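Have the model open while you read.

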Amino acid sequence: MQRREVVSALLAPRQDNLLTVGGLGSSSWDIAATADNPQDFCLVGGMGLTVSVGLGLAGARPQNRVLVITGDGDMLMGMGSLATVAQIQPRNLAIVVLDNEMFGETGGQPTHTAGVTDLAAIAKGAGIPTTGTIRDAAALQDTLPHIHESDGPVFYVAKVSAEMPPTVYPPLDGPFAKDRFRAAVLGDGAV
Ligand SMILES: Cc1ncc(C[n+]2csc(CCOP(=O)(O)OP(=O)(O)O)c2C)c(N)n1
């Protein structure tokens, strides 16, 4: 699949109560290319903690659906977070890994998923009840209701091609991005 098509399918049309957390680099550019939405918080350069940030947000905002969209390199660095997600079992958390089997931002070095590593199996083994690997558009359409509505936590790997589409930046000013997200979630009085 093409990564931008996957992220477009995830975010458009968009549910009002959806908050997204984007991983570093490419997944953040994909989210920004879909729309500049204040309910998206993109880590941009921070690696390995995207699921942890999403987990904390899901706990703080049970009235929202939280969708983590990140890359295989980020997920491999933060695999332990899947065990913590499984322990806590947040019903409102969904995780989608855009798996291009490489560290795209840093030049396309192959990751472990290009070899023998299966992130969906790792998530299942960690104790996340709903997991899977999506390989084509039809499977993605079938999976969208689970990502957006099923009791979580849910975890899916979306296999995407190695293409690197043009960069579209989300806000890169950290304090601005944080304040904009807080205001979108909690109201203007929160900043
Ligand atoms: C702690 C840390 N180590 C290394 C980097 C350098 N780095 C930036 S992007 C990236 C690759 C990310 O790969 P992946 O999550 O698979 O995203 P892709 O761009 O392939 O979608 C790396 C290693 C970093 N930002 N932070």
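A residue counts as buried under 20% relative accessible area, as exposed over 50%, and as partly exposed in between. Keep in mind that what you're looking at is a predicted model.

With that cut-off in hand, take Ala139, which sits in helix H7. Its relative accessibility comes out at 25%, so Ala139 goes down as partly exposed. For a sense of distance, pick Val116, 23 residues away from Ala139 along the chain: the two C-alpha atoms are 22 Å apart.

Now for Asp30, a residue of helix H2 (residues 26-34). Is Asp30 buried or exposed? With a relative accessible area of 1%, Asp30 is buried, because the limit for that label is under 20%. Its side chain has a polar partner, too: a contact of 2.7 Å links it to the side chain of Arg3. Leaving aside residues up to four places away in sequence, Asp30 touches Arg3, Arg4, Val7 and Leu98.

On to the helix pairs, side by side:

| Helix pair | Axes come within | Crossing angle |
|---|---|---|
| H1 (residues 3-11) and H7 (residues 137-149) | 10 Å | roughly 45° |
| H3 (residues 50-60) and H5 (residues 80-88) | 9 Å | roughly 20° |

Start with H1 and H7, whose axes cross at roughly 45°. That angle makes H1 oblique to H7. As for handedness, the H1 and H7 crossing is right-handed. On the H1 side, the contact is built from Val6, Ala9 and Leu10, while H7 brings in Leu140, Gln141, Leu144, Ile147 and His148. Sort those residues by type and you get six nonpolar, two polar and no charged.

Then there's H3 with H5, where the axes cross at roughly 20°. How do these two helices run relative to each other? Angles under 35 degrees count as roughly parallel, so H3 and H5 are roughly parallel to each other. Their crossing is left-handed. H3 puts Val51, Ser52 and Leu55 into the contact, and H5 answers with Ser81, Thr84, Val85 and Ile88. By type, the H3 and H5 contact residues split into four nonpolar, three polar and no charged.

To recap the pairs: the H1 and H7 crossing is right-handed, whereas the one between H3 and H5 is left-handed. Charged residues are absent from the H1 and H7 contact, and the H3 and H5 contact has no charged residues either.

Key
Residues are numbered from 1 along each chain as its sequence is written. This is a predicted model: local features need pLDDT of at least 70, side-chain atom pairs count only at pLDDT 80 or more; totals for chains, interfaces and linings use all residues. Side-chain values use heavy atoms; hydrogens and water are left out. Axes are lines fitted to C-alpha atoms, for helices over the stretch in contact, and angles run from 0 to 180 degrees between N-to-C directions. Helices (H or I, at least four residues) and strands (E, at least two) are DSSP runs, numbered from the N terminus. Angles under 35 degrees count as roughly parallel, over 145 as roughly antiparallel, 65 to 115 as roughly perpendicular and the rest as oblique. A crossing is left-handed if the near helix is turned anticlockwise from the far one by less than a right angle, and right-handed if clockwise. Contact means heavy atoms within 4.5 Å. Ala, Val, Leu, Ile, Met, Phe, Trp, Tyr, Cys and Pro count as nonpolar, Asp, Glu, Lys and Arg as charged, and the others, Gly among them, as polar. Buried means under 20% relative accessible area, exposed over 50%, partly exposed in between (1.4 Å probe, protein chains only). A polar contact is a pair of N or O atoms within 3.5 Å; within protein, one must be able to donate a hydrogen and the other to accept it, and residues adjacent in sequence count only if both atoms are side-chain atoms.
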